[in-house]
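Biologist: I would like to go through this model with you one point at a time, with the cut-offs stated as we go. Shall we begin?

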Amino acid sequence: RSIVILISGRGSNMEAIVRAAQAERWPAKISAVISNRPDVSGLEFARAQGIPTAVVANKDYATRDQFDAAMQSVIDGFAPDLVVLAGFMRILTAPFVDHYAGRMLNIHPSLLPSFPGLATHRQALTAGVRLHGATVHFVTPDLDHGPIVAQAAVPVLDADSEETLAARVLEQEHLIYPQAVRWFVEGRLALQGARVRLSGDAV
Ligand code: GRF
């Protein structure tokens, strides 16, 4: 299986997936890491690993449609079975999302359906929730509302700042995202209509 990972920055989730794929000898290769921003540290890590990289800079495109079309053609050049959004900070158009229906995952730093959108850790602190976390979901055109694949919860502590809470959540992201991607490449995870199917055995 072939995986293409999209990033916008640091790429620590991408790194966790690359390292798990290597250490656990997944039946898959990371075919490319693509960023919508040049000069991000995630690209340096990918290059150092010998993974092909590409930049499709959104600022070079006048419209979201043009950017998504360019991104789609670069992605499809790597013929992925799965597209992994890992801290990819762009809203995607419906045609793009539909093109990868059932084969695109995202990680969101909250326990969805709570706190979609940006600044999730601040949202959690403001709401006063005692549990927060992260969610891996299939991507659908409805932002941050796709079918849920995996979640991890962490406590919110009285002394938490956005930074300390984000760090606690990120640690869990690095566990559940590689796990979910592994399920997919092993053929155990699929989207059937609007439902997630996770089986014990490879299908
Ligand atoms: C992660 O918390 C991800 O869930 C969020 O942005 C952060 C990206 O981190 N949307 P990284 O680029 O994977 O290090």
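Biologist: Does Gly 11 count as buried or exposed?

Modeller: A residue is called buried if 20 or more other C-beta atoms, placed from the backbone, lie within 10 Å of its own, exposed if 12 or fewer do, and partly exposed in between. Gly 11 has 25 C-beta neighbours inside 10 Å, and therefore it counts as buried.

Biologist: Before we go on, what kind of model is this, and how are its residues numbered?

Modeller: It is a predicted model, in which local features need pLDDT of at least 70 and side-chain atom pairs count only at pLDDT 80 or more, while totals for chains, interfaces and linings use all residues. Residues are numbered along each chain as its sequence is written, from 1.

Biologist: Where in the chain is Gly 11 found, and which residues does it touch?

Modeller: Helices (DSSP runs of H or I, at least four residues) and strands (runs of E, at least two) are numbered from the N terminus, and Gly 11 is found in the loop between β1 and α1. Contact here means that two C-beta atoms, placed from the backbone, lie within 7 Å of each other. Not counting residues up to four places away in sequence, Gly 11 touches Val 40, Ser 41, Gly 42, Phe 45, Ala 86 and Gly 87.

Biologist: Which residues does the UniProt annotation "binding site" cover?

Modeller: The annotation comes from an unreviewed entry; UniProt positions are given in the numbering used here, feature names are shortened, and annotations may be inferred rather than shown by experiment.

Biologist: Which residues come nearest to the ligand?

Modeller: A residue is taken as near a molecule or strand if its C-beta atom, placed from the backbone, lies within 6 Å of it. The shell has 13 residues, to which α1 (12-23), β5 (104-108) and α6 (162-185) each supply at least two. Those that come nearest are Arg 10, Ser 12, Asn 13, Gly 87 and Pro 109.

Biologist: How do the residues of that shell divide into nonpolar, polar and charged?

Modeller: Ala, Val, Leu, Ile, Met, Phe, Trp, Tyr, Cys and Pro count as nonpolar, Asp, Glu, Lys and Arg as charged, and the others, Gly among them, as polar. On that scheme the shell divides into five nonpolar, six polar and two charged.

Biologist: Against which elements do the buried residues of α1 pack?

Modeller: α1 has 12 residues and reaches 16 Å from its first C-alpha to its last, close to the 16 Å expected at 1.5 Å a residue, where the expected span is 1.5 Å times one less than the number of residues. Its buried residues include Asn 13, Met 14 and Ile 17. They pack against β1 (2-7), β2 (29-35), α2 (41-48), β4 (82-85), β5 and α6.

Biologist: Which residue does UniProt list for "active site", and what does it touch?

Modeller: The unreviewed entry lists His 108, which is found in strand β5. With 23 C-beta neighbours inside 10 Å, His 108 counts as buried. Not counting residues up to four places away in sequence, it touches Ala 134, Thr 135, His 137 and Asp 144.

Biologist: Which peptide bond is cis?

Modeller: Its second residue, Pro 113, is found in the loop between β5 and α5 (120-127). With omega near 10°, the cis bond is the one from Leu 112 to Pro 113.

Biologist: What is the phi of Asp 39?

Modeller: Asp 39 has its place in the loop between β2 and α2, and it is exposed because 8 other C-beta atoms lie within 10 Å. Although it is not a glycine, its phi is positive, about 60°.

Biologist: What radius of gyration does the chain have?

Modeller: The radius is taken over C-alpha atoms, and the globule rule is 2.2 Å times the number of residues to the power 0.38. For 203 residues a compact globule would have a value near 17 Å, which agrees with that of the chain, 16 Å.
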